[in-house]
Every structure is written in structure tokens, then in C-alpha cells.
Amino acid sequence: MRRHLALDASPTLGAPLRFFLNAPVFASLAAALLLYAGPSTWATRWSPYALAATHLMTLGVFASVMMGALMQILPVVAGVHVASVRRSAAGIHALLTFGTLALALAFISSETELFPIAALACGAAALWFVVACAIGLARASSAAVPGVVDILHAVRLALAALIVTVALGATLAVSLTWPMSVPVVALTDLHWTWGLAGWIGLLTVGIAYQVIPMFQVTEPYPRLLARAFAPLAFLTLVLASLSNFVLQALEPAATPWFVAQPFAGYVVFAVVTLVLLGRRKRIGADTTTLYWRTSMVSIVCGALTWAIASATHRPSLDVTIGVLLLVGVVASAINGMLYKIVPFLLWYHLQASIDERSPLVPKMKTVLPDSQARRQYWAHLCALLMLLAASAWPAALARPAAFVFGVSSVWLGVDMARAMRIYLRVKRELSLVRAGGTQL
């Protein structure tokens, strides 16, 4: 069953778009850091440049796009309006952007005074976002709409996971400035587990419930999976967190298995998504389909690699797992969403700005053509494969892989800029037509 989309409830274009535009900028910055640092970045996940690049991706790209997507999707799909969306979008975006840059600079410069500043800015952005969404969720009466309840459950739990992620991250950041007696390794594992499997993972799943059937023309997700996945994943996160601290004292070598538990359910979600995409009603795979398939396959590969690393006690695979999860899973899904959502929003806001159809407004497919997007996909896939190879042979491939990743990131930015240029040109032409009193 297709859910009705209340497109007239969309927020102003600038609210989600400012977050989407962060994606290519921060991905390019992460690639530049990896290119500058070279093989030393790949020696361990604890290297300053690796930590800086990771947070440029997780905050500057992933969190930004997820926040923007939620501001757009909630009112359209579920009738949930983020409180004071214009002011909230501007304030949250500014705080998150500043905090991300400050945190990356803190890691690479070893200026410990920057850590609490970055934690305060990112924490304020996350708290503002959660409160604004919570107000909208409290006011909404759409929970009874069939299908919407599953999305809202995933969103609520993702927001709770965001609070846990930020609290853990803030504790770690403060401990780098003022020494504290905290289990740094255990907190770090939990921080990124809650961030990936909780905040980003649950929100991606919730968004997928809508965008996969809508944009990929598939059947809806199985009712049992849609209803049970988010609560079970969140419960597993809680149990894994408690187990982590218990086993740290009893048998530290066993903790990776418990940290890996929250990701097991995502393998099931990935397989179901691949099956739905394989049975899609539209013949042929567009670029977004390829991106979703890459993301889902990366989940399965990441889980297998994690199992091998845990069974063989090979910490050298940590970087490989990080590449699979960050670039293979999340970055692929986000690229795919951007290539659908951005041209759709630009086209819709052009169409909504006039009273009737005008030949000046291009078709949605011409705002950002699929042929153009597909070339960027191949660059992204090449970057992913080279980054995976670089995790095994950093001396030879670290800088070439970073360069190709930078190319794919800049390419995404160029494609989005071209779409924006079309939007601004048509907007200007429509204004001239109105000023001249000509029939649209």
C-alpha cells in the first residue's frame, strides 16, 4: 500500500538543502586529510588524522544529511512538523558545521582546548534537533496512519540513540582536555556503535521504509520486519552496552562479539532490501538502485569481516571494517538518497511556485540526469574498492585511494551545484515572466 505524501506540507527549501550541501564539502575535506596524511593514517583507527576524517564523515556528512532528510520527510510522510523549522535549521546547521570543523581541528592539531568547544557546539546542535523533533512528534496525530507508525518508531529510537551517542562522545572529548578515569576503549566502541547502529542505522532504516518503495518502485517492507526491527535493534544496543562493561572486567577479548551484536539485525535488513530491489517493478537499475545495492552488500561484507576479525583477533582489520561501514554502507546510501531527493525537491519547489504548469520548469529527470549521476557512482565504487585495498596495502595505495575518494566527493558536489544552477536559472526566468505580466 502506498502512503499519501502531503507535499504541500514541505518546509522551505533552504531548511533541508543547507544540510545536504554539507555532504560533498565535508567528504572532500575528509579525502584531503587522508591524502595529506598518507599511509600513517591507516596504521590504526586511533591515529589523529583517521579520527579527524572519521568525524568529518560522521558529523559533517552523515549527521547533516540525516537531519536534513528528517526535516523534509517527517512533515510530508507523517504530518510531523519540526518546531520553528526555519530558525531550527539555520541554528542547528551553524552549530553542527562549526562543531565538526572544531573537532577535526582538535584531533589534527592536538589543541586539547578545542575538544570541549567542539563537544559543546555539537551537543547543542544535537539537543536542539532532538527537542525540535520531539515537539513536532508530540503535536502530531498521525501515529495511527497505517505504515507511518513504523517510521515514527524508528525515528524516536534513532533520536534517543543520538542523545546516547553525543553523551558518550562529549565524555570522551572532555576527557582529552581534563584527564578523567574513564574506560576510553570501551566508551569509544560504544560511542561509534550507538552512532552507527543506533542513530544513523535506525534513521536510515526508517527513511528506507519510505524511499525504497517510493523511489525504487518496490513492494513495501514486510510488516513484521517494519514493526519489530527498530525496537529489537535498540534493545540489542542496550544489552550490548551493558555486556560490554561487564566483559571488560571479566574477559576483554570477548567484547568485540558483544559490540558486533547490534549489527547482526542489519544483515537481515540488508538481505530483505536486496530481495525487494531484485523484485522491483521498474525494469533496469538506476543510479540510486546501484547505490542501495552497494550499501546493502557492504553491510553483509562488513559483518563477515567483523566476524573474522573477532574470531582471529586481528585488530588490523579494524580499518577495513571502518571503510566498509562508513564509505560502503552509509556513504553509499546517502549518495543514493541525495541523487533522488535533491532533484525532486528542486523540481517540486519550482513547480509549487507557479499556479499552473509552465514549459520553463524542466522535468525532474533533467534537473539531475541519471546518466550524470551514474558516472559519479562508478567513481564512488572505485574509491570504495581502492580504500578497502589501501586498508591492506597502505604504503602503496593510501594516497591514490584518498585521491579517488576526493574525486568522487567533488563530483557529487559538482552534480549538486549543476542542479542548483538549473533551479536558480529557472527561478529567475519565472520571476522575469511574472514581472512582464506574461502568461506562464
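**Tour: cysteines, core and a helix pair**

A disulfide here needs two cysteine sulfur atoms within 2.5 Å. By that rule the count is zero. Cys122 has 12% relative accessibility, so Cys122 counts as buried (buried is under 20% relative accessible area, exposed over 50%, partly exposed in between, with a 1.4 Å probe and protein chains only).

This is a predicted model, where local features need pLDDT of at least 70, side-chain atom pairs count only at pLDDT 80 or more, and totals for chains, interfaces and linings use all residues. Residues are numbered from 1 along each chain as its sequence is written, and side-chain values use heavy atoms, leaving out hydrogens and water.

Next, pick Cys382. Cys382 is in no disulfide; the nearest cysteine sulfur, in Cys301, is 17 Å away. Cys382 is partly exposed, at 35%.

Now show Phe20, Phe129 and Trp199. These have the most contacts inside the largest nonpolar core, which has 150 residues (a core is a set of buried Ala, Val, Leu, Ile, Met, Phe, Trp, Tyr and Cys residues joined through side-chain atoms within 4.5 Å). H11 gives the most to this core, with 20 residues. Zoom in on Trp199: its contacts (heavy atoms within 4.5 Å) include Met66, Phe129, Leu162 and Trp194, not counting residues up to four places away in sequence.

Finish on H11 (residues 318-352) and H13 (residues 370-392), whose axes come within 9 Å and cross at roughly 170°. That makes H11 roughly antiparallel to H13 (over 145 degrees).

Technical notes: Axes fitted to C-alpha atoms, helices over the stretch in contact; angles between N-to-C directions. Helix = DSSP H or I, 4+ residues; strand = E, 2+ residues; numbered from the N terminus. Parallel < 35°, antiparallel > 145°, perpendicular 65-115°, else oblique.
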